[in-house]
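Me: I am new to this structure. Can you walk me through how to read it?
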There are 2 protein chains.
Amino acid sequence: MSLPHAILTALLEKPSSGLELTRRFDKSIGYFWSATHQQIYRELGKLEAEGHIRALPSQQPARGQKKSYEVLPAGRAELARWTAASQDPKPYRETLFLRLRAAAAIGTEGVAGIEADLRRHLELHRRQLSEYEEIEQRDFPPGKDSPQDRLQHLILRAGIDLETFWTRWLTHALEEFAELPDQSR
Amino acid sequence: MSLPHAILTALLEKPSSGLELTRRFDKSIGYFWSATHQQIYRELGKLEAEGHIRALPSQQPARGQKKSYEVLPAGRAELARWTAASQDPKPYRETLFLRLRAAAAIGTEGVAGIEADLRRHLELHRRQLSEYEEIEQRDFPPGKDSPQDRLQHLILRAGIDLETFWTRWLTHALEEFAELPDQSR
DNA sequence: ACGGTTTATGCAACTAGTTGCAGAACCAGG
DNA sequence: CCTGGTTCTGCAACTAGTTGCATAAACCGT
């Protein structure tokens with residue numbers, strides 16, 4: 001039940017059309033909640049039906065025509081309710097750990113196959129990390145510390161710390177691999 | 001397409017019945033790939049139909065009767081194939097970040113509601129962290145460093161590091177909250 | 001031997017997310 | 001103008017995961 005609230009948040013920050021939302025979900029919000037355009041359009045329909053958002057009246061709604069939405073008071077209230085409601089952390093779902101465990105269970109041949117992909121992941125996470133660090137430099141210079149900025153920065157820090165975890169852990173994993181006896185690789 | 005492979009791994013480590021698998025998915029493997037008993041039974045049926053596993057012939061299969069499975073060579077091969085195949089990291093889906101961003105967009109009332117749940121999450125992650133640390137003490141004493149042990153330990157380290165990230169970040173977040181001007185809380 | 005709890009397996013329906021495709025408007029070049 | 005690519009919206013079908021319930025054997029105290 002998170003996607004509708006992700007969309008409400010995005011629309012609250014700035015009224016947008018479906019495609020604009022899709023683009024914004026490819027970065028920014030999408031860093032921690034991704035969505036495809038089909039999900040977004042479907043959800044926009046539901047949210048409109050429920051009276052949480054409405055199409056901006058400025059243009060007639062026709063196919064192939066931009067249709068922008070804004071959040072209604074009811075939508076804002078629902079978002080506030082959801083944000084304040086207590087939620088349990090969901091268990092991880094991480095295939096890399098699974099594959100490592102599978103490799104251990106299989107033995108020699110299993111271990112050999114996975115090393116290259118670990119390297120690839122390390123490279124990807126390094127890239128993501130430096131992307132986040134650029135954003136930090138650009139969007140959060142020393143002076144910017146309104147309550148809003150502080151919260152946004154906090155979220156970005158989480159992204160940076162997570163990517164830092166990944167690069168460290170993957171580096172450590174590859175070192176371990178290097179030390180394994182040859183017949184296990 | 002990860003659940004069947006998680007099950008194959010578990011069965012490779014030790015042939016088990018559906019319920020035994022369910023219990024094992026509540027800990028150990030479940031720390032990074034959770035599954036309910038219904039998912040498991042369904043998947044066991046599919047895996048058997050595909051010839052990847054088979055029921056141990058020791059007991060007649062009747063309702064309310066334990067039925068244990070073991071991995072067949074075809075299943076082992078499939079697991080090795082999957083493990084070695086390159087996979088992209090999936091984008092995070094983290095509601096806590098989403099809720100924080102929503103709180104920022106809503107303003108004062110939004111920020112107020114979420115603080116208690118951050119504290120609760122911090123407590124939960126602290127608990128998980130110490131659980132992992134106990135497992136490390138118990139299962140990985142200094143001497144244990146066969147290739148298998150090293151890989152298992154590596155996975156556990158990832159869990160420990162992730163929980164460490166969460167406790168640190170949540171602590172930091174709560175400190176930031178404390179510094180926000182009163183009308184924003 | 002009886003009735004209640006626990007163990008073990010499973011079906012059906014639902015929710016969330018993904019993939020593939022298609023159709024209308026809009027824009028640029030001949 | 002018309003044609004062919006791009007933008008924008010959307011439907012339909014599929015896969016993965018969740019929730020609620022059913023059913024039967026086993027186990028256990030009386």
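Reply: Start with domains. Domain bounds come from an automatic or database domain assignment. Keep in mind that this is a predicted model. In chain A, the assignment gives domain 1 (3-84) and domain 2 (95-184).

Me: What distance separates the centres of domain 1 of chain A and domain 2 of chain A?
Reply: Taken over C-alpha atoms, the centres are 31 Å apart.

Me: Next, charged pairs. How many salt bridges does the structure hold over all chains?
Reply: The general idea is a side-chain nitrogen of Lys or Arg within 4 Å of a carboxyl oxygen of Asp or Glu. Over all chains, the structure holds 32. One of them joins A:Arg138 and A:Asp139, at 3.2 Å from N to O.

Me: Is A:Arg138 exposed or buried?
Reply: Exposed means over 50% relative accessible area, and buried means under 20%. A:Arg138 has 57%, so A:Arg138 is exposed.

Me: Which class does each partner fall in for the salt bridge of A:Lys144 and A:Asp149?
Reply: That bridge spans 3.8 Å, N to O. A:Lys144 is partly exposed at 44%. A:Asp149 is buried at 15%.

Me: Now chain B. Where do B:Glu115 and B:Arg119 lie along their helix?
Reply: Both are in helix α6 (residues 108-139) of chain B. They are four residues apart, so about one helical turn separates them. B:Glu115 is buried, at 12% relative accessibility. B:Arg119 is partly exposed, at 47%. There is also a network: salt bridges that share partners link A:Asp88, B:Arg99, B:Asp117 and B:Arg120.

Me: How do I read the interface? How many residues of chain B are in contact with chain A?
Reply: Count contacts, then look at the buried area. Here 70 residues of chain B are in contact with 71 residues of chain A. The two chains bury about 7,000 Å² between them. Of that area, 65% is on carbon and sulfur atoms.

Me: How many salt bridges cross the interface of chain B and chain A?
Reply: Ten. A:Arg101 forms a salt bridge with B:Glu13, with the closest N and O atoms 2.8 Å apart. Polar contacts between chain B and chain A come to 36 residue pairs.

Me: Which helix gives the most to the side of chain B that touches chain A?
Reply: α7(B), with 20 residues. By class, that side of chain B has 38 nonpolar, 16 polar and 16 charged residues.

Methods. Residues are numbered from 1 along each chain as its sequence is written. Chains are lettered from A and ligands numbered from 1 in the order in which they are written. This is a predicted model: local features need pLDDT of at least 70, side-chain atom pairs count only at pLDDT 80 or more; totals for chains, interfaces and linings use all residues. Side-chain values use heavy atoms; hydrogens and water are left out. Buried means under 20% relative accessible area, exposed over 50%, partly exposed in between (1.4 Å probe, protein chains only). Helices (H or I, at least four residues) and strands (E, at least two) are DSSP runs, numbered from the N terminus. Contact means heavy atoms within 4.5 Å. Buried area is the accessible area (1.4 Å probe) that two parts lose on being put together, summed over both. A polar contact is a pair of N or O atoms within 3.5 Å; within protein, one must be able to donate a hydrogen and the other to accept it, and residues adjacent in sequence count only if both atoms are side-chain atoms. Ala, Val, Leu, Ile, Met, Phe, Trp, Tyr, Cys and Pro count as nonpolar, Asp, Glu, Lys and Arg as charged, and the others, Gly among them, as polar.
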